Amino acid sequence: FIDKSYEEFNEKKFNENDPIFEKQTILLKSITKKQYAELVNLYKKNKKSDDMLSKSFQNFHEKLYELGIIFSFKWMRWYEGDALLKDPHTDYSKLSLLQISMLLTAIFRSDRFDDVSIKQYTENGIIKKMIEQVALRNNLGNE
């Protein structure tokens with residue numbers, strides 16, 4: 001990014017202490033087990049891992065927004081998230097639900113600009129790994 005001034009840089013930079021993250025943590029805790037189960041089941045219904053145009057994948061995509069899992073923050077300037085997504089050794093089991101929400105936001109929001117983000121992270125299994133963590137954290141293993 002090239003900012004017009006140092007002030008603009010400071011205004012636009014990622015701030016891990018932004019109050020939005022506390023609000024998002026509260027929102028994620030307010031999502032019921034049933035709602036998380038619906039999300040996981042929508043993801044599982046997608047027969048082909050690369051079929052982003054299917055109705056089931058579109059329903060999954062919409063559910064992410066509906067539940068508020070995808071939220072507004074300065075994801076383009078969250079360089080740690082980009083590093084996590086690109087590192088093949090990222091252990092998603094060590095990430096918080098907030099971090100998973102942030103990564104999903106980065107993937108789905110960036111797709112508006114590059115049109116391949118969702119496809120890439122679906123095909124390489126990253127989205128699946130994150131949804132598996134959502135399921136585990138909500139004891140949805142056998143549902």
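Are Phe21 and Phe73 buried or exposed? I looked this up and found both Phe21 and Phe73 buried. Buried means under 20% relative accessible area, exposed means over 50%, and partly exposed lies in between (1.4 Å probe, protein chains only).

**Entry: ground rules**

I am working on a predicted model, where local features need pLDDT of at least 70, side-chain atom pairs count only at pLDDT 80 or more, and totals for chains, interfaces and linings use all residues. Residues are numbered from 1 along each chain as its sequence is written, and side-chain values use heavy atoms, with hydrogens and water left out.

**Entry: aromatic rings**

I used this rule: rings of Phe, Tyr and Trp (its six-membered ring) pair if their centres lie within 6.5 Å. Planes under 30 degrees apart count as stacked, over 60 as edge-to-face, and the rest as tilted. By this rule I got eight aromatic pairs. For Phe21 and Phe73, the ring centres are 5.5 Å apart and the planes sit at 65 degrees, so I logged the pair as edge-to-face. Phe21 lies in helix H2 (residues 19-30), and Phe73 in the loop between helix H4 (55-67) and helix H5 (79-86), so the pair ties together parts that are 52 residues apart in sequence. Helices here are DSSP runs (H or I, at least four residues), numbered from the N terminus.

Next I checked Phe73 with Trp78. Their ring centres are 5.9 Å apart and their planes are at 70 degrees, so this pair is edge-to-face. Phe73 has a relative accessible area of 9%. Trp78 is buried, at 4%. Ring pairs join Phe21, Phe71, Phe73 and Trp78 in a cluster.

**Entry: salt bridges**

Side chains of opposite charge can pair when their charged atoms come close. I counted a salt bridge when a side-chain nitrogen of Lys or Arg is within 4 Å of a carboxyl oxygen of Asp or Glu. The whole structure gave six salt bridges.

One of them joins Glu38 and Lys63, with the closest N and O atoms 3.0 Å apart. Glu38 is in helix H3 and Lys63 in helix H4, 25 residues apart. I found Glu38 partly exposed at 31%, whereas Lys63 is buried at 10%. A network of salt bridges links Glu38, Lys63 and Glu66.

How far apart are the closest N and O atoms of Lys119 and Glu123? I read 2.7 Å for this salt bridge. Lys119 and Glu123 are four residues apart in helix H7 (residues 117-123), so about one helical turn separates them. Lys119 is partly exposed at 34%, and Glu123 is partly exposed at 45%.

Terms used: Helix = DSSP H or I, 4+ residues; strand = E, 2+ residues; numbered from the N terminus.
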